[in-house]
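Subject: Model handover

Hello,

Here is the model you asked about. My notes on the sheets, some single residues and a pocket follow below.

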Amino acid sequence: MASRSASAPCIDPRYAAFRLRIARSRIHRRGVFACQSIPARRKIIEYAGERIGRVENRRRFLRAWRARGQKLIYLARLDSYWWIDGAVGGSGAECINHSCDPNVVVRRIKGHLVFFSCRRISAGDELTVDYQFPKDGPRVPCRCGSRRCRGTINLS
């Protein structure tokens with residue numbers, strides 16, 4: 001297993017179909033970047049981590065929220081009950097940043113979250129996905145910088 005710590009996330013090659021790296025991002029802190037060209041409609045990486053239920057998800061979210069940004073939240077919804085905490089045994093996919101014009105989509109396949117390319121991704125490009133936060137939830141400002149930016153990570 002790849003060694004991981006909160007200060008130095010890394011890509012776990014067991015979950016990645018292409019060579020990827022984590023580096024500083026212009027969008028937010030760190031991002032995931034392609035080390036090679038990735039064709040359109042190809043599996044890139046699985047979002048891995050500890051599988052937790054709704055109650056534990058709520059507890060972890062509130063604990064991180066109370067830390068006021070000192071702790072990043074890597075909780076991804078798998079279905080109506082299960083969540084995946086990428087901060088615990090994650091694959092590196094938890095560092096993929098939001099964009100309103102993403103080059104990656106996430107699909108739920110047989111109990112797994114898998115990222116696929118929407119279009120060709122060149123070596124050196126940052127991987128981005130639309131987080132699609134609920135429109136009725138707290139507004140989260142977007143810093144993606146795309147021409148299609150909604151100004152918020154929330155759906156309109």
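A definition first: two strands count as paired if DSSP finds at least two bridges between them. Helices (H or I, at least four residues) and strands (E, at least two) are DSSP runs, numbered from the N terminus. This is a predicted model, in which local features need pLDDT of at least 70, side-chain atom pairs count only at pLDDT 80 or more, and totals for chains, interfaces and linings use all residues. Residues are numbered from 1 along each chain as its sequence is written, and side-chain values use heavy atoms, with hydrogens and water left out.

**Sheet β3-β9-β8**

Three strands form an open sheet in the order β3-β9-β8, with antiparallel pairing. β3 and β8 (104–109) are the edge strands, and each pairs on one side only. Neighbouring strands here are turned by 30 degrees against each other on average, direction ignored. For angles, axes are lines fitted to C-alpha atoms, for helices over the stretch in contact; values run from 0 to 180 degrees between N-to-C directions.

β3 and β9 run antiparallel and are joined by 4 bridges. I45 has F115 in β9 as its bridge partner. E46 has V114 in β9. Strand β3 (residues 43–47) is mostly covered, with 4 of its 5 residues buried. Buried means under 20% relative accessible area, exposed over 50%, and partly exposed in between (1.4 Å probe, protein chains only).

S117 lies in strand β9 (residues 112–117). Its relative accessible area is 2%, so S117 is buried. Not counting residues up to four places away in sequence, S117 touches I38, P39, A40, R41, R42, I44, N103 and V104. A contact is heavy atoms within 4.5 Å.

**Sheet β4-β6-β5**

This is an open sheet of 3 strands in the order β4-β6-β5, again with antiparallel pairing. β4 (50–52) and β5 (75–77) stand at the edges with a single partner strand each, so one side of each has no neighbour in the sheet. The twist averages 30 degrees from one strand to the next. β4 pairs with strand β6 (residues 83–85) over 3 bridges, in the antiparallel sense. R51 stands opposite I84 in β6. Helix α1 (residues 54–66) packs on the sheet and touches β4, β5 and β6. Its direction makes about 110 degrees with that of β4.

**Two loop residues**

E94 sits in the loop between β6 and β7 (97–98). E94 is buried, with a relative accessible area of 6%. Its C-alpha atom is separated by 16 Å from that of F133, 39 residues apart along the chain.

R26 is in the loop between β1 (20–24) and β2 (30–34). R26 is exposed, because its relative accessible area is 64%. Leaving aside neighbours within four places in sequence, R26 is in contact with E126, R143, C144 and G145.

**Second largest pocket**

R26 is also one of the residues lining the second largest pocket. Others in the lining include D101, N103, R119, D125, E126, C144 and G145. A pocket is an open set of points, on a 1 Å grid over the protein atoms alone, where a 1.4 Å probe fits, with protein on both sides within 12 Å along at least five of seven lines; lining residues have an atom within 4 Å of a point. The volume is about 160 Å³, taken as the space filled by probe spheres set on the points. By class, the lining has 2 nonpolar, 5 polar and 5 charged residues. Ala, Val, Leu, Ile, Met, Phe, Trp, Tyr, Cys and Pro count as nonpolar, Asp, Glu, Lys and Arg as charged, and the others, Gly among them, as polar.

Best wishes
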